[in-house]
Amino acid sequence: MAEPRRVRADAERNRHAILAATEKLLRGSDPGQVTIERVAEVAGVGKATVFHRFGNRMGLMQAVMQQRATALQEAMVSGPPPLGPGAPARERFIAFLDAVTDLVTQNAGLMTAHDHAVAVRKNTSGERQENSVYQTWHAHVAELIEEARPELDGALLAHIILGGMHTEPVAQLIRDGEFERLRTSLRDLATALLGTTGE
(Lines give C-alpha, C1' and ligand atoms only; values in the text may rest on other atoms or scores of the structure.)
Protein backbone atom coordinates (compact mmCIF):
# COMPACT_ATOMS: atom_id res chain seq x y z
CA MET A 1 0.00 0.00 0.00
CA ALA A 2 2.89 2.37 0.64
CA GLU A 3 4.11 2.23 -2.97
CA PRO A 4 0.85 3.44 -4.62
CA ARG A 5 0.64 6.29 -2.08
CA ARG A 6 4.22 7.29 -2.87
CA VAL A 7 3.48 7.22 -6.61
CA ARG A 8 0.40 9.41 -6.08
CA ALA A 9 2.42 11.81 -3.93
CA ASP A 10 5.12 12.02 -6.61
CA ALA A 11 2.50 12.66 -9.29
CA GLU A 12 0.90 15.44 -7.24
CA ARG A 13 4.30 16.97 -6.51
CA ASN A 14 5.09 16.94 -10.24
CA ARG A 15 1.74 18.56 -11.01
CA HIS A 16 2.40 21.39 -8.56
CA ALA A 17 5.95 21.83 -9.90
CA ILE A 18 4.68 22.04 -13.48
CA LEU A 19 1.96 24.56 -12.63
CA ALA A 20 4.41 26.65 -10.58
CA ALA A 21 6.91 26.61 -13.46
CA THR A 22 4.21 27.71 -15.89
CA GLU A 23 3.22 30.58 -13.56
CA LYS A 24 6.87 31.65 -13.26
CA LEU A 25 7.42 31.63 -17.02
CA LEU A 26 4.19 33.53 -17.68
CA ARG A 27 5.36 36.28 -15.33
CA GLY A 28 8.66 36.78 -17.10
CA SER A 29 8.23 35.67 -20.71
CA ASP A 30 6.24 36.43 -23.81
CA PRO A 31 3.22 34.10 -23.55
CA GLY A 32 3.90 32.62 -26.97
CA GLN A 33 7.33 31.50 -25.74
CA VAL A 34 5.97 29.47 -22.82
CA THR A 35 6.43 26.06 -24.39
CA ILE A 36 6.08 22.56 -22.96
CA GLU A 37 9.85 22.17 -23.27
CA ARG A 38 10.59 25.30 -21.22
CA VAL A 39 7.99 24.41 -18.60
CA ALA A 40 9.47 20.92 -18.21
CA GLU A 41 12.98 22.34 -17.87
CA VAL A 42 12.00 24.86 -15.18
CA ALA A 43 9.86 22.27 -13.35
CA GLY A 44 12.70 19.76 -13.36
CA VAL A 45 10.64 17.04 -15.01
CA GLY A 46 10.70 15.31 -18.37
CA LYS A 47 8.69 16.70 -21.27
CA ALA A 48 6.76 13.43 -21.37
CA THR A 49 5.62 14.02 -17.77
CA VAL A 50 4.04 17.34 -18.76
CA PHE A 51 2.29 15.75 -21.74
CA HIS A 52 1.12 12.82 -19.60
CA ARG A 53 -0.29 15.16 -16.94
CA PHE A 54 -1.90 17.82 -19.17
CA GLY A 55 -2.15 16.37 -22.67
CA ASN A 56 -0.85 19.39 -24.57
CA ARG A 57 -0.04 23.08 -24.19
CA MET A 58 -3.69 24.08 -24.25
CA GLY A 59 -4.45 21.56 -21.51
CA LEU A 60 -1.65 23.04 -19.41
CA MET A 61 -2.89 26.62 -19.87
CA GLN A 62 -6.43 25.52 -19.06
CA ALA A 63 -5.19 23.89 -15.85
CA VAL A 64 -3.45 27.10 -14.75
CA MET A 65 -6.51 29.12 -15.70
CA GLN A 66 -8.76 26.70 -13.81
CA GLN A 67 -6.58 27.05 -10.74
CA ARG A 68 -6.82 30.83 -10.83
CA ALA A 69 -10.55 30.80 -11.58
CA THR A 70 -11.43 28.52 -8.68
CA ALA A 71 -11.55 31.35 -6.14
CA LEU A 72 -13.89 33.35 -8.38
CA GLN A 73 -16.17 30.37 -8.88
CA GLU A 74 -16.32 29.73 -5.13
CA ALA A 75 -17.19 33.39 -4.52
CA MET A 76 -19.95 33.20 -7.12
CA VAL A 77 -21.51 30.16 -5.44
CA SER A 78 -21.01 30.80 -1.72
CA GLY A 79 -19.24 34.12 -1.21
CA PRO A 80 -20.74 37.32 0.17
CA PRO A 81 -22.94 39.54 -2.02
CA PRO A 82 -22.94 41.17 -4.46
CA LEU A 83 -20.71 38.58 -6.19
CA GLY A 84 -22.21 35.77 -4.14
CA PRO A 85 -25.89 34.99 -3.44
CA GLY A 86 -28.13 37.53 -1.74
CA ALA A 87 -27.91 40.55 -4.05
CA PRO A 88 -30.26 41.43 -6.94
CA ALA A 89 -29.36 39.84 -10.26
CA ARG A 90 -28.31 43.18 -11.79
CA GLU A 91 -25.83 43.84 -8.97
CA ARG A 92 -24.48 40.29 -9.13
CA PHE A 93 -24.05 40.55 -12.90
CA ILE A 94 -22.01 43.76 -12.60
CA ALA A 95 -20.00 42.28 -9.71
CA PHE A 96 -19.23 39.23 -11.83
CA LEU A 97 -18.07 41.35 -14.77
CA ASP A 98 -15.89 43.40 -12.40
CA ALA A 99 -14.42 40.18 -10.98
CA VAL A 100 -13.68 38.85 -14.46
CA THR A 101 -11.96 42.14 -15.31
CA ASP A 102 -9.86 41.82 -12.14
CA LEU A 103 -8.96 38.26 -13.12
CA VAL A 104 -7.92 39.45 -16.57
CA THR A 105 -5.95 42.36 -15.09
CA GLN A 106 -3.97 40.04 -12.83
CA ASN A 107 -3.53 37.33 -15.48
CA ALA A 108 -3.12 39.11 -18.79
CA GLY A 109 -0.16 36.91 -19.76
CA LEU A 110 -2.07 33.74 -18.98
CA MET A 111 -5.14 34.85 -20.90
CA THR A 112 -2.99 35.61 -23.94
CA ALA A 113 -1.16 32.28 -23.65
CA HIS A 114 -4.42 30.40 -23.23
CA ASP A 115 -5.99 32.05 -26.27
CA HIS A 116 -2.79 31.45 -28.25
CA ALA A 117 -2.94 27.76 -27.34
CA VAL A 118 -6.62 27.58 -28.27
CA ALA A 119 -6.01 29.38 -31.56
CA VAL A 120 -3.84 26.56 -32.89
CA ARG A 121 -6.77 24.18 -32.64
CA LYS A 122 -9.24 23.92 -35.53
CA ASN A 123 -12.48 24.32 -33.59
CA THR A 124 -11.69 27.14 -31.19
CA SER A 125 -15.28 28.00 -30.27
CA GLY A 126 -16.05 24.35 -29.53
CA GLU A 127 -12.92 23.98 -27.39
CA ARG A 128 -13.83 27.09 -25.42
CA GLN A 129 -17.42 26.01 -24.84
CA GLU A 130 -16.26 22.61 -23.59
CA ASN A 131 -13.97 24.28 -21.03
CA SER A 132 -15.31 23.90 -17.49
CA VAL A 133 -14.52 27.53 -16.58
CA TYR A 134 -16.45 28.79 -19.59
CA GLN A 135 -19.37 26.47 -18.83
CA THR A 136 -19.58 27.69 -15.23
CA TRP A 137 -19.37 31.34 -16.22
CA HIS A 138 -21.91 30.88 -19.01
CA ALA A 139 -24.44 29.19 -16.73
CA HIS A 140 -24.00 31.93 -14.13
CA VAL A 141 -24.42 34.82 -16.59
CA ALA A 142 -27.40 33.16 -18.30
CA GLU A 143 -29.11 32.61 -14.96
CA LEU A 144 -28.59 36.23 -13.86
CA ILE A 145 -29.87 37.63 -17.16
CA GLU A 146 -32.97 35.44 -17.06
CA GLU A 147 -33.61 36.31 -13.42
CA ALA A 148 -33.50 40.05 -14.14
CA ARG A 149 -35.14 39.89 -17.59
CA PRO A 150 -37.08 36.62 -18.02
CA GLU A 151 -38.20 37.63 -21.49
CA LEU A 152 -34.61 37.60 -22.80
CA ASP A 153 -32.69 34.63 -24.19
CA GLY A 154 -30.18 34.44 -21.37
CA ALA A 155 -28.27 31.45 -22.75
CA LEU A 156 -27.59 33.09 -26.10
CA LEU A 157 -26.80 36.49 -24.62
CA ALA A 158 -24.35 34.87 -22.20
CA HIS A 159 -22.53 33.29 -25.16
CA ILE A 160 -22.42 36.65 -26.96
CA ILE A 161 -21.07 38.49 -23.91
CA LEU A 162 -18.47 35.90 -22.91
CA GLY A 163 -17.52 35.15 -26.51
CA GLY A 164 -16.98 38.85 -27.13
CA MET A 165 -14.31 38.87 -24.44
CA HIS A 166 -12.26 36.47 -26.58
CA THR A 167 -12.25 38.63 -29.71
CA GLU A 168 -9.03 40.16 -31.02
CA PRO A 169 -10.01 43.80 -30.22
CA VAL A 170 -10.60 42.87 -26.57
CA ALA A 171 -7.42 40.78 -26.50
CA GLN A 172 -5.49 43.80 -27.82
CA LEU A 173 -7.11 45.97 -25.14
CA ILE A 174 -5.86 43.52 -22.52
CA ARG A 175 -2.36 43.45 -24.02
CA ASP A 176 -2.32 47.26 -23.96
CA GLY A 177 -3.32 47.30 -20.28
CA GLU A 178 -6.57 49.22 -20.86
CA PHE A 179 -8.37 47.38 -18.10
CA GLU A 180 -10.46 50.31 -16.87
CA ARG A 181 -11.79 50.84 -20.38
CA LEU A 182 -12.82 47.19 -20.42
CA ARG A 183 -14.38 47.44 -16.94
CA THR A 184 -16.36 50.57 -17.85
CA SER A 185 -17.62 49.12 -21.12
CA LEU A 186 -18.75 45.89 -19.46
CA ARG A 187 -20.58 47.88 -16.79
CA ASP A 188 -22.25 49.98 -19.51
CA LEU A 189 -23.26 46.79 -21.30
CA ALA A 190 -24.76 45.32 -18.12
CA THR A 191 -26.69 48.51 -17.40
CA ALA A 192 -28.01 48.76 -20.96
CA LEU A 193 -29.08 45.11 -20.91
CA LEU A 194 -30.55 44.84 -17.43
CA GLY A 195 -31.19 48.46 -16.46
CA THR A 196 -30.20 49.98 -13.14
CA THR A 197 -31.02 48.63 -9.70
CA GLY A 198 -34.34 49.89 -8.44
CA GLU A 199 -35.99 50.28 -11.84
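Trainee: Which residues is Gln73 in contact with, leaving aside its neighbours within four places in sequence?

Mentor: Contact means heavy atoms within 4.5 Å. Here Gln73 touches Gln66, Val133, Thr136 and Trp137, with neighbours within four places in sequence left aside. This is a predicted model: local features need pLDDT of at least 70, side-chain atom pairs count only at pLDDT 80 or more, and totals for chains, interfaces and linings use all residues. Residues are numbered from 1 along each chain as its sequence is written, and side-chain values use heavy atoms, without hydrogens and water.

Trainee: Is Gln73 buried or exposed?

Mentor: Buried means under 20% relative accessible area, exposed over 50%, and partly exposed in between (1.4 Å probe, protein chains only). Gln73 has 15% relative accessibility, so it counts as buried.

Trainee: And which helix holds Gln73?

Mentor: Helices are DSSP runs (H or I, at least four residues), numbered from the N terminus. Gln73 sits in helix α4, residues 57-78.

Trainee: How many aromatic pairs does a search of the whole structure find?

Mentor: Rings of Phe, Tyr and Trp (its six-membered ring) pair if their centres lie within 6.5 Å; planes under 30 degrees apart count as stacked, over 60 as edge-to-face and the rest as tilted. The search finds one pair. Phe96 and Trp137 are edge-to-face, 5.8 Å centre to centre with 80° between the planes. Phe96 belongs to helix α5 and Trp137 to helix α8, so the pair ties together parts 41 residues apart in sequence. Both Phe96 and Trp137 are buried.

Conventions. Helix = DSSP H or I, 4+ residues; strand = E, 2+ residues; numbered from the N terminus.
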